[in-house]
Amino acid sequence: MSSVVQGSRTTGGAPASYDADQYRPGRTVTDWEPENELFWKSIGRKVAHRNLWIAVPALLVAFVVWQVWSVTATNLKDVGFGFSTSQLFWLTAIPGLTGGTARILYTFLGPMIGQRRFTALSTVVLVVPLIWLGIAIQDPATPYGVMVAIAALCGIGGANFASSLANIGFFFPKAKKGGATGINGGLGNLGVSVVQLLTPIVITWSTIAIGSAQHKADGTPVHLQNAAFVWVPVVLVLAAVAWFGQNDLKVASTPFAQQKVIFKRKHNWLMTWLYVGTFGSFIGFAAALPMLIKTTFPDYSVATYAWMGPAVGALARWAGGWIADKWGGARVTLLSFAGMAASLIGVIAFLPSGGDPGSFPGFFLCFLAAFFFSGIGNGSTFRQIPVIFRGTHLKGLTEGTPEHARALRQAEMESGAVTGFTSAIAAYGFFFIPALFGSVAVTSAMWGFVAFYAGCMAVAWWFYARKGAEAPS
């Protein structure tokens, strides 16, 4: 026998009873009103946080798969693979290309299929590139083309971000969206640091190795396949937890025919530009930093330092969403771009140049600052999106009216789709930044980023932060 929970609907204006069975794990939720304070405190908060905390580890491991090449590539030459430095940079870049492209698809598929089902399915498929990588990496004769194909498949791990962020946003009220997406995105982003921190450790463990060992030039055995195989059982468990523990929201189920309206919205494209500047920088620098350290300051250990930058950026994202909820997203976004530009100017100053060997401590600390400000901006831009679309759609409408309710639903749908789409385009930073470092001088690339951040500051100030801005957020 099903039970009911008493509540009142702000959208319809009349008291209503909610069937409590629909809020149990594994069910589809048909009644969802997070802006209704009574509903949120009695039902919504518990359900929303359960779905959030299941989504976080699933997203973290998806980022592990997406970023596994950023560390794997640094070890290939040591065990006999004859790839050039440029080819290795490209192997770290290719998952960004496929991940960004797949994110576009996942942005619209996630809300159509549902948080529970899509999280489970998009997680379990990650075992395919992991197993293939674990097999191929044991043989130094594996052709470069095969490695490229595996790197491309690993990119689908990055696509999970778009569907996860778009879906989780529907669970939370306006005042808590920034913090919720900051937790989901920020702790999910920690997958970058996790893979860069753990890979150098697990590849030395013979006790968990499946298959043959590789040997470095000095005879030291390593098990590079562990970097892939160790995550297979974790992926399977998290997929099962999502399937049995999360919920699908009927209110979030939207066909593509309705979601595609975002391509006509100016603020979709403007916020995409800004998010390319924040998340695109974060994920691109995370992918490129291990190879940058190895090629620019070869006396310093990649395993010791590379994971720290992404960790700082991921945790700062959590803080960025929370601060933006308090101070306003546009102000925080402006601060983040100013900080990123200043940080990269510092990186340039400490790079080796001519006869100057440069300074690794200065280089690394400035890079940590760049990661910190990119993380802050990641959180603040995602807080801006729902505020912008609510303000646009609800302007001039009276709360409690049918028109207001319809406009609110439309704003929620559009902000979810925009969140996913912006993350999809920004993911290409994972591809372009390592590819750029593999093609042009590092200093020239850094000055290009500084100029780009200046343009982002102008957009953020004019449209969102200044007095009388078109869409204050």
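Which backbone nitrogen does a side-chain oxygen of Asn36 reach at the start of α1?

## The start and course of α1

In this predicted model, a side-chain oxygen of Asn36 comes to within 3.1 Å of the backbone nitrogen of Leu38, at the start of α1. The helix itself runs over residues 37-76, and its 40 residues span 55 Å from the first C-alpha to the last, which is close to the 58 Å expected at 1.5 Å a residue.

Along this course α1 bends by about 55° at Gly44. The helix is also mostly covered, since 30 of its 40 residues are buried.

## A nonpolar patch on the surface

On the surface, Leu121, Val124, Val125, Leu236, Trp243 and Phe244 form a nonpolar patch, whose accessible area is about 540 Å² when these residues are taken together. Two elements, α3 (115-124) and α9 (232-245), each give two or more residues to the nonpolar patch, and the largest share, three residues, comes from α9.

Trp243, one of the patch residues, lies in helix α9. Because its relative accessibility is 35%, which falls between the limits of 20% for buried and 50% for exposed, Trp243 counts as partly exposed.

Gly188 belongs to helix α7, which covers residues 174-202, and with a relative accessibility of 0% Gly188 counts as buried. The C-alpha atom of Gly188 is separated by 8.1 Å from that of Phe161, although the two residues are 27 residues apart along the chain.

Definitions and conventions. Residues are numbered from 1 along each chain as its sequence is written. This is a predicted model: local features need pLDDT of at least 70, side-chain atom pairs count only at pLDDT 80 or more; totals for chains, interfaces and linings use all residues. Side-chain values use heavy atoms; hydrogens and water are left out. Helices (H or I, at least four residues) and strands (E, at least two) are DSSP runs, numbered from the N terminus. The expected span of a helix is 1.5 Å times one less than its number of residues. The bend at a residue is the angle between axes fitted to the seven residues ending there and the seven starting there. Buried means under 20% relative accessible area, exposed over 50%, partly exposed in between (1.4 Å probe, protein chains only). A polar contact is a pair of N or O atoms within 3.5 Å; within protein, one must be able to donate a hydrogen and the other to accept it, and residues adjacent in sequence count only if both atoms are side-chain atoms. Patches are made of residues with over 30% relative accessible area and no salt bridge: like charges are joined within 9 Å, nonpolar side chains (Val, Leu, Ile, Met, Phe, Trp, Tyr) within 5 Å. Accessible areas come from the Shrake-Rupley method with a 1.4 Å probe; for residues, only the protein chains shown count as cover. A salt bridge is a side-chain nitrogen of Lys or Arg within 4 Å of a carboxyl oxygen of Asp or Glu.
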